[in-house]
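Hello,

Please find the structure below. My notes on it follow.

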Amino acid sequence: ERIKYTQNNNYVFPNRYFWRTYEQKEIDLVEENDGLFSVYEFKWSLKKTKPVPLDFKIAYGVNNMEYITPENFMDFVSK
């Protein structure tokens with residue numbers, strides 16, 4: 001739904017990736033647009049949040065980090 005919204009309504013076409021290391025550190029969704037990275041973690045609850053892996057921060061930098069939960073999912077899909 002997010003892909004449809006961003007492309008059809010905002011005409012934004014970021015590259016989308018999943019990122020994981022051999023040590024099982026991962027990021028659920030990475031969107032790269034004009035060299036800027038936005039990172040999204042999908043969680044049922046904010047009680048089990050974790051920071052962006054340091055490996056990723058060092059290698060790529062992070063411009064935006066968001067936790068997506070059932071409470072803010074609709075905002076995420078339509079922004």
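**Notes on the structure**

The side chain of Arg2 comes to 2.6 Å from the backbone oxygen of Phe76, a polar contact (a pair of N or O atoms within 3.5 Å; within protein, one must be able to donate a hydrogen and the other to accept it, and residues adjacent in sequence count only if both atoms are side-chain atoms). This is a predicted model: local features need pLDDT of at least 70, side-chain atom pairs count only at pLDDT 80 or more, and totals for chains, interfaces and linings use all residues. Residues are numbered from 1 along each chain as its sequence is written, and side-chain values use heavy atoms, with hydrogens and water left out.

Arg2 belongs to helix 1 (residues 2–9); helices (H or I, at least four residues) and strands (E, at least two) are DSSP runs, numbered from the N terminus. Arg2 counts as buried because its relative accessibility is 10%, where buried means under 20% relative accessible area, exposed over 50% and partly exposed in between (1.4 Å probe, protein chains only).

Next, the strands. Strand 1 (residues 15–20) pairs with strand 2 (residues 26–33) in the antiparallel sense, over five bridges; two strands pair if DSSP finds at least two bridges between them. Tyr17 sits opposite Val30 in strand 2. Five residues lie between the strands of this hairpin, where Gln24 has a positive phi near 70°.

Strand 2 is also joined to strand 3 (residues 36–42) by five bridges, again antiparallel. Two residues separate these strands in their hairpin, and Asp34 has a positive phi near 55°.

Ser38 in strand 3 stands opposite Glu31. Ser38 is buried, at 18% relative accessible area.

Regards
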